[in-house]
Amino acid sequence: MKLLITALFIIFSLQAFATASDGFNKRFHLERRDGKVVTIRDLSLEGEVALSSYVAFIKNLLINEQTKLVNNFVNGNQGYEQEVARLLGEDANFYTRASKDDRVGQVIDSLKELARIDVEAVFNDPAFQDVLNSFGGKLLEALAFLDPTVLAKLDGPRFFYKRNVVHKAVEFGLSYAKKKLTWIPVLNTATFVIVQVEKMIKDRRVFHQNMLLHYFENFDPSELGMTKEDVDHAFSSIYESQIPWFNKWESDAAVVTWNSYGTDKFYKSVRFVNSQLRVNKHKYSRLGERFNFAFVEGEFNGERVVLNLFNKDNMFSKDFAIAYYQDEPLRVARKRAVLQLAELGLSFLSLPDWMKSSMESYIKSFYYQQQLIEGALYGHFESIGDVKMMEQIKMNQLNPFELSAI
């Protein structure tokens, strides 16, 4: 019996290892020079980024939301407002519009503005299509130089810093839109599309880099076909890629401390979130399996959830963000769809620029950074072969460029 148990343990251990290594090897391609890894690519990111896929995505999202808005407010009920309030953490049963300048109320007002848009007229406008086609051309030029399949360049301390070129295409697109478009709904929508497309393209790389970080944290370098030095340099390249184009002094620091630049930053952030978890664990009725540096399963307010330890729920909250509700799988995706549309609706509100900027920061604080780190959560489910949860995390990104990539 003891021999049988031992044999079963070995078999299950080998199966788990095979799943993990297969996930890594299937996704990531290691390029070597003189026996050392010099480049890590994610071949799922190959292929042209089609601007039309995001245009179709946001158009459908708008049409579907307009239907919800019209059905709700024509009938004179408050179900829509209560749904949005609940998604933003308010108690829907007791939510009332206390004042015209409360944050949740302004999100709702932003969404109501969408009901006024003639979606077909905007997206079929020849000038709108001309602006996006021109922007799309510049974008393809920038992406050809960037090579989106590269997640880490281990021998290139300034590789990504020198390739911050997508923002130039955006500057062109925004400038051209202002010259070409005079009808406000068309101008605002075109501006929104251009900004969102840039963000989603950059976000893809960070999301996939966070998948890579999950493997680096949880597997020995030899299991991944790498050395410790390879992994250390990959860490540095990942963090170097996130240096803004204007922050040359940080780029200089990365070059000087390349052997430890990334690992120092990674483990410093891990120590911080671990301390935050110790301080805040009393808020959660149960904390279960720790998936990796950023995610743990638990129970919060009677709901079974996956907690994001790296981000708070929003800029005014002290609670960890929730990446997944086990009993309500579509809730995170719905929340993020509402928030993205609220960003567009905000541009139509008659508010001072400083207030719009403040509201935009508030809206983004619910989902933007949260989505990026969820690459590590995807990496966890990939490494254990949980296809269902991989699909769920993919859908929660609300990034059409990802749907065909991972």
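Visitor: Why is helix H8 called roughly antiparallel to helix H9?

Guide: In this predicted model, the axes of H8 (residues 184-218) and H9 (residues 228-240) cross at roughly 155 degrees and come within 11 Å. Angles over 145 degrees count as roughly antiparallel, so H8 is roughly antiparallel to H9. Local features need pLDDT of at least 70 and side-chain atom pairs 80 or more, whereas totals for chains, interfaces and linings use all residues. Residues are numbered from 1 along each chain, and side-chain values use heavy atoms, without hydrogens and water.

Visitor: What makes up the contact of H8 with H9, by class?

Guide: Contact means heavy atoms within 4.5 Å. Gln209, Leu212, Leu213 and Phe216 in H8 meet Val231, Ala234, Phe235, Ile238 and Tyr239 in H9. Eight of these residues are nonpolar, one is polar and none is charged. Ala, Val, Leu, Ile, Met, Phe, Trp, Tyr, Cys and Pro count as nonpolar, Asp, Glu, Lys and Arg as charged, and the others, Gly among them, as polar.

Visitor: Which residues line the second largest cavity?

Guide: A cavity is a set of points on a 1 Å grid over the protein atoms alone where a 1.4 Å probe fits but cannot get out, and lining residues have an atom within 4 Å of a point. On that basis, Lys199, Met200, Asp203, Arg204, Phe207, Gln340, Gln371, Leu372, Gln397, Leu398, Asn399 and Glu402 line the second largest cavity. H8 gives the most to this lining, five residues.

Visitor: What classes does the lining of the second largest cavity have?

Guide: The lining of the second largest cavity has four nonpolar, four polar and four charged residues.

Definitions and conventions:
Axes are lines fitted to C-alpha atoms, for helices over the stretch in contact, and angles run from 0 to 180 degrees between N-to-C directions. Helices (H or I, at least four residues) and strands (E, at least two) are DSSP runs, numbered from the N terminus. Angles under 35 degrees count as roughly parallel, over 145 as roughly antiparallel, 65 to 115 as roughly perpendicular and the rest as oblique. On a 1 Å grid over the protein atoms alone, a cavity is a set of points where a 1.4 Å probe fits but cannot get out, and a pocket is an open set with protein on both sides within 12 Å along at least five of seven lines; lining residues have an atom within 4 Å of a point.
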